Amino acid sequence: MHDTLEHLKRGEKGIITDVSSIHIPLKLLEMGCLPGNTVELVQLAPFHDPMYLNINGTHLAIRKETAAHILIEKIK
């Protein structure tokens with residue numbers, strides 16, 4: 001089942017399946033936000049934005065607005 005990154009809950013993991021949206025900054029792609037990489041939601045900011053993620057060992061924070069355009073497949 002495909003979902004978007006914004007729907008991950010704390011501690012959940014997924015595999016990125018698509019980042020082809022024009023709303024995804026090139027900088028995120030350069031930092032490893034690529035199809036096939038594993039992503040885990042580490043923490044949410046107090047108002048649930050931004051999201052603090054671990055993508056293949058790289059820690060970064062992205063806005064939920066951007067996360068809504070990144071397709072993932074959740075890992076059970």
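Me: What is the mean pLDDT of the chain, and which elements have the lowest and highest mean?

Reply: pLDDT is the predictor's confidence in each residue, from 0 to 100. Where pLDDT is low, the predicted coordinates should not be read in detail. Here the chain has a mean of 90, and 99% of its residues reach 70 or more. Among its elements, strand 1 has the lowest mean (86) and strand 3 the highest (95). Helices (H or I, at least four residues) and strands (E, at least two) are DSSP runs, numbered from the N terminus.

Me: How many strands does the open sheet have, and what is their order?

Reply: Strands of a sheet pair through backbone hydrogen bonds, either parallel or antiparallel. Two strands count as a pair if DSSP finds at least two bridges between them. In this model, 6 strands form an open sheet in the order 1-6-2-3-4-5, with antiparallel pairing. Strand 1 and strand 5 are the edge strands, each pairing on one side only. On average, neighbouring strands are turned by 45 degrees against each other, direction ignored; axes are lines fitted to C-alpha atoms, for helices over the stretch in contact, and angles run from 0 to 180 degrees between N-to-C directions.

Me: Which residues can I use to follow the pairing?

Reply: Begin with strand 1 (residues 2-4), which is joined to strand 6 (residues 71-75) over 3 antiparallel bridges. Thr4 has Leu71 as its bridge partner in strand 6. Strand 2 (residues 13-18) is in turn joined to strand 3 by 3 bridges, where Gly14 has Val39 as its partner.

Me: Is Thr4 buried or exposed?

Reply: Buried means under 20% relative accessible area, exposed over 50%, and partly exposed in between (1.4 Å probe, protein chains only). Thr4 is buried, at 13%. Its side chain makes a polar contact of 2.8 Å with the side chain of His7. A polar contact is a pair of N or O atoms within 3.5 Å; within protein, one must be able to donate a hydrogen and the other to accept it, and residues adjacent in sequence count only if both atoms are side-chain atoms.

Me: Which residues of the largest nonpolar core touch the most other members?

Reply: A nonpolar core is a set of buried Ala, Val, Leu, Ile, Met, Phe, Trp, Tyr and Cys residues joined through side-chain atoms within 4.5 Å. The largest one here has 17 residues, and Leu5, Ile16, Val39, Leu53, Ile62 and Ile70 touch the most other members. Strand 3, strand 4 and strand 5 each give two or more residues to this core, and strand 4 gives the most, with 3.

Me: Where is Ile16, and what is it in contact with?

Reply: Ile16 sits in strand 2 and is buried, with a relative accessible area of 1%. Contact means heavy atoms within 4.5 Å. Leaving aside neighbours within four places in sequence, the contacts of Ile16 include Val39, Ile55 and Ile70. Ile16 and Ile55 are 39 residues apart in sequence and 9.4 Å apart in space, C-alpha to C-alpha.

Me: Which backbone features should I look for in the loops?

Reply: Most residues other than glycine have a negative phi, and most peptide bonds are trans. In the loop between strand 3 and strand 4, His48 has a positive phi of about 65 degrees although it is not a glycine. His48 is partly exposed, at 44%. Pro50 lies in that loop as well, and the peptide bond from Asp49 to Pro50 is cis, with omega near 10 degrees.

Me: Where is Asn56, and what joins its side chain to Asn37?

Reply: Asn56 lies in the loop between strand 4 and strand 5 and has a positive phi of about 50 degrees. A polar contact of 2.7 Å joins the side chains of Asn37 and Asn56. Asn37 belongs to the loop between helix 1 and strand 3 and is buried, at 16%.

Conventions: Residues are numbered from 1 along each chain as its sequence is written. This is a predicted model: local features need pLDDT of at least 70, side-chain atom pairs count only at pLDDT 80 or more; totals for chains, interfaces and linings use all residues. Side-chain values use heavy atoms; hydrogens and water are left out.
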